[in-house]
Amino acid sequence: MPTTPHTESSPITEETASARQTHFGFRDVQLQEKEKLVRGVFDSVASRYDLMNDLMSAGLHRYWKREMTAWLQPRCHERQLDVAGGTGDIAFRCLEAMKQDATRKQQALTGEVAVCDINPAMLQQGKARAIDRNLLEGLSWHCGNAEKLPFADKHFDSYTIAFGIRNVTDIQQALQEAYRVVKPGGRFACLEFSRVAVAPVRTAYDAYSFRVIPALGQKITGDREAYQYLVESIRRFPPQEDFAQMIEKAGFRRVKWRNFQLGVVALHTAWKV
Ligand SMILES: C[S@@+](CC[C@H](N)C(=O)[O-])C[C@H]1O[C@@H](n2cnc3c(N)ncnc32)[C@H](O)[C@@H]1O
């Protein structure tokens with residue numbers, strides 16, 4: 001597949017044009033368009049994002065996020081990076097776990113959770129929630145792209161991304177960046193909507209997704225399209241096995257996954273050895 005950019009001497013052929021395409025939900029779009037479209041989705045829903053999560057998942061997203069934090073076991077001296085961290089859910093849980101670890105060990109909290117997200121509106125919501133929860137120490141907020149993280153090599157003990165990687169234009173590049181910023185011995189954890197393996201359950205889940213979620217999105221956020229994108233983008237995301245291979249291709253080892261609700265969501269975990 002050609003990867004060179006178009007120049008005067010390389011006329012756009014059908015092949016090069018399709019190489020520059022990706023998907024935004026079920027639509028094919030130009031590569032450079034996707035980031036802007038995704039940004040539009042989260043600009044539009046930022047203020048109602050957390051409420052919609054609770055309604056859509058009947059609160060289950062809290063359980064999935066709790067399980068990811070439990071796997072990570074954040075310790076009080078660690079530096080953790082939460083990418084596509086949005087309104088801070090994962091970061092808050094990890095920080096709380098680090099504080100508990102500090103109390104248990106009777107040590108000071110010296111670690112930090114860095115939240116990185118491409119969308120300033122989502123980060124703004126996160127910062128406001130942190131203030132409401134009195135979580136002022138141990139958190140930092142960064143606007144940046146998962147494909148080009150604004151952090152030094154081998155800086156973090158762990159990298160998390162929850163319901164974010166599906167929105168990234170070049171997923172393999174984001175995984176390579178995850179590998180770059182994690183120290184040897186560090187961990188990787190990714191929560192994402194995934195593939196339901198049991199056919200009748202998948203049929204029921206599809207019906208719920210396409211009939212209920214966009215309508216609910218319209219009612220709560222006034223943006224049906226944003227939630228239509230959500231349900232479509234889930235179907236475009238690679239199934240568990242394929243995603244595991246992509247994580248391994250980025251360099252991580254001991255890649256595993258665990259399904260929740262029969263694969264509605266999967267938690268992929270891995271180590272940098
Ligand atoms: C569905 S939200 C998930 C937020 C949070 N992690 C959670 O679990 O509630 C997806 C987030 O990914 C962010 N995002 C999308 N593309 C991104 C990219 N290329 N780099 C970093 N963040 C991105 C969006 O701005 C949004 O905040």
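Of the 19 residues around the ligand, those that come nearest are Ala84, Asp117, Asn145, Ala146 and Ala162, where a residue is near a molecule or strand if one of its heavy atoms lies within 4 Å of it. The model is a predicted one, in which local features need pLDDT of at least 70 and side-chain atom pairs count only at pLDDT 80 or more, whereas totals for chains, interfaces and linings use all residues. Residues are numbered from 1 along each chain as its sequence is written, and side-chain values use heavy atoms, with hydrogens and water left out.

By class, the shell around the ligand comprises ten nonpolar, seven polar and two charged residues; Ala, Val, Leu, Ile, Met, Phe, Trp, Tyr, Cys and Pro count as nonpolar, Asp, Glu, Lys and Arg as charged, and the others, Gly among them, as polar. At least two residues of this shell are supplied by each of helix H2 (31–45) and helix H3 (49–57). Helices (H or I, at least four residues) and strands (E, at least two) are DSSP runs, numbered from the N terminus.

In tyrosine 49, a side-chain N or O atom is 2.9 Å from an oxygen atom of the ligand. Taken alone, the ligand exposes 600 Å², and the protein buries 97% of that. Accessible areas come from the Shrake-Rupley method with a 1.4 Å probe; for residues, only the protein chains shown count as cover.

Threonine 87 is found in the loop between strand E3 (79–83) and helix H5 (89–105). Its relative accessible area is 2%, so threonine 87 is buried; buried means under 20% relative accessible area, exposed over 50%, and partly exposed in between (1.4 Å probe, protein chains only). The side chain of threonine 87 makes a polar contact of 2.8 Å with the side chain of aspartate 50. A polar contact is a pair of N or O atoms within 3.5 Å; within protein, one must be able to donate a hydrogen and the other to accept it, and residues adjacent in sequence count only if both atoms are side-chain atoms. Not counting residues up to four places away in sequence, threonine 87 touches several residues, including Tyr49, Asp50 and Phe92, contact meaning heavy atoms within 4.5 Å.

Serine 209 is placed in helix H8 (residues 199–221) and counts as buried, at 1% relative accessibility. With residues up to four places away in sequence not counted, serine 209 touches Pro214, Val231 and Arg235.

Most residues other than glycine have a negative phi. Alanine 58, in the loop between H3 and helix H4 (60–72), has a positive phi of about 50 degrees although it is not a glycine, and is exposed, with a relative accessible area of 69%. Glutamine 261, in the loop between strand E8 (253–260) and strand E9 (265–271), likewise has a positive phi, of about 45 degrees, and counts as partly exposed at 36% relative accessibility.

The chain contains ten helices and nine strands, and buried residues make up 50% of its 273 residues. Among contacts between residues at least 6 apart in sequence, 73% join residues at least 24 apart. The C-alpha trace spans about 65 × 45 × 35 Å along its principal axes.
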